[in-house]
Amino acid sequence: FSFAFGFKSVPPTGASRKGKTYHTSFTGSLGGNKWFVEGGYRRFKGFYDAYTSRRNSAFTDSTNYYHNAILHEELKAKFWYFFKHNKFSYKSAYSCTYRQLKTKGSWAVQGNLYYNHLAADSSLIPYNLKYYYGPYGDLRVFNVLAFSAGGGYSVNFVLRKKLFLNITAIAGLEYQWKDYYHFYGIHTRARAISFTGDVRSSLGFNGKNFFMMFTSINDFSVFDNKKIQLVNKYLSQAFTIGYRFKVKTPKLYKRFQETKIYNML
């Protein structure tokens, strides 16, 4: 089991010109070396347009970037299964709860179920660009419920039983139920099949007691139609350092080890 949470007001470089992004997240996972489920909730509010200078001919080093109090929320669950779980350990590279001593890889399958919510007070599209988006120029809320399935490969390159590099790549297809809510009350729906991907890497040291790792996770989904395309990208990078202490197994956990659920993991 694992659980993590975080919240922060993230001021970018030049916050006085770009505003702030408020961030909250809750993540967790359940499972072992054969399969596991990970997921969580992410919330962001407040975005600036990095390409404001291309759309404003009067833009200077003191001009404020276009900023919109857009709310982005995502609730997501992701299932993993590894075929060669007896010789390969994904978690040895991303949580160091296992130790893989030799170079080995495994084919993997992945399934995703998520809900994505994007909303603005008036419009998701900047006022001076509404003309280019036709009937979607006044788009205020965009919701997506989607399911995806795919497969790929994950490999751990191990040196001297302790140093490791993991590369994981997953690609798949996604079925989307999309809802568009416009500022003037129009509501339209669409269904689509699109592409999704998940690319990850981890580099570190995994000894008998001491371990450290740098991980990078990047998954994406594409929401597309004739007039507007949205690409949802999530990039997460983390540095972890830890030490394993020798302790007795708690009585409560011993009872859990005797259950059918534990044997399934």
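A contact here means heavy atoms within 4.5 Å.

1. **What you are looking at.** This is a predicted model, in which local features need pLDDT of at least 70 and side-chain atom pairs count only at pLDDT 80 or more, while totals for chains, interfaces and linings use all residues. Residues are numbered from 1 along each chain as its sequence is written, and side-chain values use heavy atoms, with hydrogens and water left out.

2. **The chain overall.** Five helices and ten strands make up the secondary structure; helices (H or I, at least four residues) and strands (E, at least two) are DSSP runs, numbered from the N terminus. Along the principal axes, the C-alpha atoms fill a box of roughly 65 × 40 × 35 Å. The chain has 265 residues, of which 38% count as buried. Buried means under 20% relative accessible area, exposed means over 50%, and partly exposed is in between (1.4 Å probe, protein chains only). Take the contacts between residues at least 6 apart in sequence: 62% of them join residues at least 24 apart.

3. **Start with S92.** You will find S92 in helix α3 (residues 91-94). Its relative accessible area is 4%, so S92 is buried. Leaving aside residues up to four places away in sequence, S92 touches Y98, R99, Q100, N156, F164 and N206. With N156 there is also a side-chain polar contact of 3.3 Å. A polar contact is a pair of N or O atoms within 3.5 Å; within protein, one must be able to donate a hydrogen and the other to accept it, and residues adjacent in sequence count only if both atoms are side-chain atoms.

4. **The cavity beside it.** On a 1 Å grid over the protein atoms alone, a cavity is a set of points where a 1.4 Å probe fits but cannot get out, and a pocket is an open set with protein on both sides within 12 Å along at least five of seven lines; lining residues have an atom within 4 Å of a point. The largest cavity holds about 50 Å³ of space, and there are three cavities of 30 Å³ or more. Its lining has two nonpolar, four polar and three charged residues.

5. The model has eight salt bridges, each a side-chain nitrogen of Lys or Arg within 4 Å of a carboxyl oxygen of Asp or Glu. One of them pairs R42 with E74, with the closest N and O atoms 2.2 Å apart. R42 sits in strand β3 (residues 35-48) and E74 in strand β4 (residues 67-82), 32 residues apart. Both R42 and E74 are buried.

6. **D198 and its partners.** D198 meets K78 in a salt bridge (3.2 Å, N to O). D198 belongs to strand β8 (residues 187-206) and K78 to strand β4, so this pair ties together parts that are 120 residues apart in sequence. D198 also bridges to R200, at 2.9 Å between the closest N and O atoms. K78 is buried, as is D198, and R200 is buried too.

7. V247, K248, T249, P250 and Y253 line the second largest pocket.

Methods. Grid points are joined across faces, edges and corners, and a volume is the space filled by probe spheres set on the points. Ala, Val, Leu, Ile, Met, Phe, Trp, Tyr, Cys and Pro count as nonpolar, Asp, Glu, Lys and Arg as charged, and the others, Gly among them, as polar.
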